[in-house]
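Subject: Structure handover

Hello,

Here is the structure for your files. My notes on it follow below.

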Amino acid sequence: MALPVEEWRLCAARRWAALEPALRERLAAASLHDTLRLGCGLLRPEAEAAALRRLCRRARAGKEPAAARFYREEGNRLFGRRHYGAAARLYSQAASHELPGSPEVSVCFANRSAALFHLGCFEVCLEDIARAESHGYPDRLLPKVLLRKAECLLCLGRLQDAADALSVVENKIAMDGIMTSPTHQALLKKLSQLKIKIHEKESWPEPAREACGDIQRKSEIWEENDSISGASSSLSLNFDIERGRHLVASQDILPGQSLLKEEAFVSVLCPGESFLLQDSSETAWDTRVTNADLYCHRCLRQLLASVPCRGCSYAKYCSQNCADVAWEQYHRTECSLGALLLTLGVFCHVALRTVLLAGFAEVSRLVEWSHGGDKDLHNPEARCKHLSEAPDTRAGTRGIPGCNDNGQYQSSYQAVFNLLPHAEKHSPEHKFLCTLSVVAICKQLQEAGLEAAVLNQESSEKWSRPKICEKTSDELSPELKIMAEAMLRHVLQLQCNAQAITVMQESGSRDGAVVNKKPVRLATAFFPVLSLLNHSCCPNISVSFSGTAATVRASQPIPSGQEIFHCYGPHRCRMRVAERQQLLSQYFFECRCQACLDELESDVKSVVSMRNSFCCPSCQAPIQVGEDMLCCSNEACAVSVSRESLSHRLRDLQQQIKKALELLRDRKADQAIKMLLKCQMDAGNFLSPEHLLMGEMEDHLAQVYATLGKWQEAARHLERSIEIVEMHHGPSSVEIGHELFKLAQILFNGFAVSEALSTIQRAEEILSVHCGPQSTQIQELQEMKTCLLELPRSVLQRT
């Protein structure tokens with residue numbers, strides 16, 4: 001979650017209400033510097049600090065051997081049932097809870113290597129075997145693991161390495177002496193079998209290396225901008241009073257053209273709710289899989305065999321290198337604060353990591369700069385206003401907030417610092433909550449003796465020695481107050497400038513022939529250049545992510561002089577204008593994009609209003625829009641029905657669909673089909689045929705039929721779903737691209753060659769615009785196409 005847990009928000013609200021009215025007024029009108037100065041003494045040790053400690057006990061971020069035993073036993077149980085993927089994840093959980101250097105952690109790695117071997121992940125299996133050996137795997141169990149190593153090497157075609165590994169096993173067994181146990185006999189038998197396999201493979205002729213059907217990968221045209229880091233030369237940085245800083249096309253731009261490639265200045269993985277228990281007395285361990293189990297906590301790469309942090313159970317990495325880099329850059333400071341950061345939410349965590357990455361010297365420089373005599377220095381809105389009134393505002397970017405002395409806007413801490421915090425627009429209560437939370441983090445840093453680590457990020461000798469400050473035990477040091485002020489600024493900035501990093505995540509089982517994917521929020525990040533893009537409910541770009549990097553592409557032709565628009569969430573195809581305006585109010589502006597103006601200033605109903613509507617339960621004619629009572633548009637019918645009753649029917653229908661999907665997960669496909677068909681009949685009695693939920697039901701039916709191998713039925717239902725999705729989102733939308741990708745999989749598996757090839761081509765054209773030619777889905781589509789085109793000509797002609 002972005003904000004702190006609800007109990008802490010309520011605690012802060014009570015503290016705010018108990019303040020003297022005069023103090024509340026001072027806090028409401030105070031600058032960030034004064035807010036922090038006043039707020040430092042308001043976190044009472046016996047009240048708010050104690051309450052926060054109690055809340056932190058619910059967040060399980062430390063090493064707990066009891067949890068390790070539980071996860072290892074659960075992993076063994078699932079391994080025995082041949083659920084190797086789930087078993088590997090549980091062994092990872094167990095390893096994260098084991099104490100560093102304990103022999104038990106080596107057992108976790110060895111067990112996970114067995115699961116990875118069965119999954120065919122031989123390279124990663126070898127890495128885990130090496131980890132088990134280096135962590136002191138029990139000597140008596142080594143032969144079995146070393147045999148697995150030899151078998152992995154054999155499967156990878158590394159015959160000499162496999163033979164060397166077998167020699168090590170033979171020597172090991174010989175040194176241990178003669179044993180007659182069944183386990184020993186099984187080892188000898190396995191050893192003999194592997195030696196025969198190596199000998200057989202060595203005698204085989206070297207296979208002719210076939211030219212792999214090289215998948216054509218289009219190289220993206222890219223010319224870097226001189227003034228904006230990571231941006232294309234087709235963009236320019238402008239500003240005016242209304243729009244502030246914004247990006248504009250400096251030349252005509254084509255759909256699919258890359259406009260911006262930016263690495264996040266900072267990102268924090270969104271962990272998932274299972275880390276926070278509802279009651280501190282709960283002892284049951286949670287086996288639900290969350291982002292924290294699936295992705296590297298530094299680079300956000302998908303995890304197969306995680307490397308645990310040596311100090312906490314929460315942070316997991318894709319490699320030892322990622323773990324080491326994270327430790328040096330920020331995790332050595334964050335590690336012992338895990339429970340506190342989970343309790344205070346992702347925004348506070350991002351704020352802390354931002355200042356740790358920037359380093360105290362740079363943070364101090366910019367905080368002091370913001371206190372300068374010219375009050376406009378720390379008010380980017382005012383600076384933009386003055387600059388826009390200058391005689392020649394287009395002469396260059398020098399002076400635009402965030403730009404350096406050379407007029408370059410870089411993806412730097414200076415650019416992050418200059419993002420608008422909107423301090424005067426946040427409610428006083430929210431600013432107070434953020435202040436208390438930031439002060440709590442800094443006091444914890446001070447109490448844990450981590451102040452030197454925070455101030456030594458730049459390895460400056462000036463900050464490496466212990467400081468003697470005139471401060472009480474409850475007071476923050478002057479240096480930590482500077483860090484706290486910057487953190488408060490960043491927490492407030494995040495409401496308008498946080499960028500969600502999303503991934504297309506597989507939903508359901510991976511063993512199906514058709515992989516269903518949905519976008520999932522993976523992390524929260526600061527992208528200073530991406531933050532320059534203003535919002536539109538009908539944007540002209542698409543944003544895709546690879547790890548911590550964002551790529552912006554034009555989703556439609558953009559003529560020279562037109563502004564580049566991003567969608568902050570509320571899209572004209574997903575919600576009505578009133579709903580969009582309400583959601584956008586959190587960003588402190590009223591949207592005046594073309595889509596909103598068209599709906600607000602004319603009688604034209606939104607796409608959502610027309611299609612996501614009810615129909616008459618009696619004659620199925622469209623229902624006229626009303627407040628409480630809705631009337632049938634058919635004068636001969638004239639039935640009236642309350643909006644509440646129809647909304648209730650819709651909620652019931654959604655619950656039934658949810659139950660049908662649970663039946664599918666339990667492999668009860670026939671029952672799932674019956675329930676979904678019944679839901680379709682019920683929906684037809686009161687929902688518009690173009691309602692998005694009608695399309696979702698067709699999509700679910702396609703999914704069920706695909707699991708049964710009934711490809712024609714699956715394709716028929718998915719084609720109906722695509723018709724409805726296209727009505728809502730348009731024929732070239734990314735939503736259509738994802739649906740066509742699924743249809744291509746179904747047609748491919750159903751051997752409908754010509755239909756599959758045409759669907760692949762259309763999906764490629766759309767997804768390459770939104771996601772780029774290097775995306776995973778494009779590569780999978782090209783692999784399917786290559787496979788189909790290699791079929792014999794006679795087969796292609798028949799189909």
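Helices and strands here are DSSP runs, numbered from the N terminus (helices are H or I with at least four residues, strands E with at least two). UniProt, in an unreviewed entry, lists residues 643-670 as "coiled-coil region". UniProt positions are given in the numbering used here, feature names are shortened, and annotations may be inferred rather than shown by experiment.

The model is predicted: local features need pLDDT of at least 70, side-chain atom pairs count only at pLDDT 80 or more, and totals for chains, interfaces and linings use all residues. Residues are numbered from 1 along each chain as its sequence is written, and side-chain values use heavy atoms, with hydrogens and water left out.

The other annotated span is from an unreviewed entry too: UniProt lists residues 296-335 as "domain: MYND-type". Over residues 296-335 the chain is 38% helix and 10% strand, with 15 Å between the end C-alpha atoms.

Next, the helix pairs. Axes are lines fitted to C-alpha atoms, for helices over the stretch in contact, and angles run from 0 to 180 degrees between N-to-C directions.

H15 (residues 346-358) packs on H22 (residues 478-497) at an angle of about 130°, and their axes are 8 Å apart. The two helices are therefore oblique to each other (under 35 degrees counts as roughly parallel, over 145 as roughly antiparallel, 65 to 115 as roughly perpendicular, and the rest as oblique). The crossing of H15 and H22 is right-handed; that term applies if the near helix is turned clockwise from the far one by less than a right angle, and left-handed if anticlockwise. Contact (heavy atoms within 4.5 Å) involves residues including Phe347, Leu352 and Val355 of H15 and Met483, His490 and Leu494 of H22. By class, this contact has eleven nonpolar, three polar and no charged residues. Ala, Val, Leu, Ile, Met, Phe, Trp, Tyr, Cys and Pro count as nonpolar, Asp, Glu, Lys and Arg as charged, and the others, Gly among them, as polar.

The axes of H27 (residues 669-684) and H28 (residues 692-707) come within 10 Å and cross at roughly 160°. That makes H27 roughly antiparallel to H28, and the crossing is left-handed. Among the contact residues are Ile673, Leu676 and Gln680 of H27 and Met697, Leu701 and Tyr705 of H28. The contact of H27 with H28 divides into twelve nonpolar, four polar and one charged.

H30 (residues 734-749) and H31 (residues 753-771) pack at about 150°, with axes 8 Å apart. They are therefore roughly antiparallel to each other, and their crossing is left-handed. Residues that meet include Phe741 and Leu747 in H30, and Ile760 and Leu767 in H31. By class, the contact of H30 with H31 has 14 nonpolar, four polar and two charged residues.

Finally, a search of the whole structure finds 25 salt bridges (a side-chain nitrogen of Lys or Arg within 4 Å of a carboxyl oxygen of Asp or Glu). One of them joins Asp128 and Arg131, at 2.7 Å from N to O. These residues are three apart in H8 (residues 122-134), so about one helical turn separates them.

Regards
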